[in-house]
Amino acid sequence: MINSTNERRAFQRMLINAPVTLYQQQLVLEGICHDLSANGMGVTVAEHRLDVSQPLRVSLATHSNQLPPFEAHARIIRVLEQPDGVLMAIEFYSPA
């Protein structure tokens with residue numbers, strides 16, 4: 001877990017490297033979830049083709065056939081270009 005004395009987050013983040021699927025309208029992107037918390041995740045994708053103004057749905061695979069994938073409604077709050085792809089900060093929300 002990531003925890004620092006300078007950390008101002010309300011929830012601790014767990015470091016993971018798990019496949020995640022991002023859905024936005026007809027677009028489907030595969031990526032890697034690097035960290036996960038109760039209110040969001042950090043995801044790297046090869047290319048950024050999502051509309052940051054539109055909501056999306058995330059589906060994070062579990063390592064157990066007995067547990068369904070974790071799924072959530074989300075929004076992109078930050079996009080950072082990196083040498084190996086695009087890092088996105090994604091925040092979960094409850095649809096109205």
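Residues are numbered from 1 along each chain as its sequence is written, and side-chain values use heavy atoms, with hydrogens and water left out. Local features need pLDDT of at least 70, and side-chain atom pairs count only at pLDDT 80 or more, whereas totals for chains, interfaces and linings use all residues.

The chain has a mean pLDDT (the predictor's confidence in each residue, from 0 to 100) of 87, and 89% of its residues reach 70 or more. Residues 1–6 have pLDDT below 50; beyond near neighbours in sequence, this stretch has eight contacts (heavy atoms within 4.5 Å) in the model. Where pLDDT is low, the predicted coordinates should not be read in detail.

Strand E1 (residues 14–24) and strand E4 (residues 56–60) run antiparallel and are joined by four bridges. Within E4, serine 59 stands opposite threonine 21.

One aromatic pair is counted (ring centres of Phe, Tyr or the six-membered ring of Trp within 6.5 Å; planes under 30 degrees apart are stacked, over 60 edge-to-face, the rest tilted). Phenylalanine 70 and phenylalanine 92 are edge-to-face, at 5.4 Å centre to centre and 65° between the planes. The pair links strand E5 (residues 70–82), which holds phenylalanine 70, to strand E6 (residues 85–93), which holds phenylalanine 92, 22 residues apart.

How values were computed. Two strands pair if DSSP finds at least two bridges between them. Helices (H or I, at least four residues) and strands (E, at least two) are DSSP runs, numbered from the N terminus.
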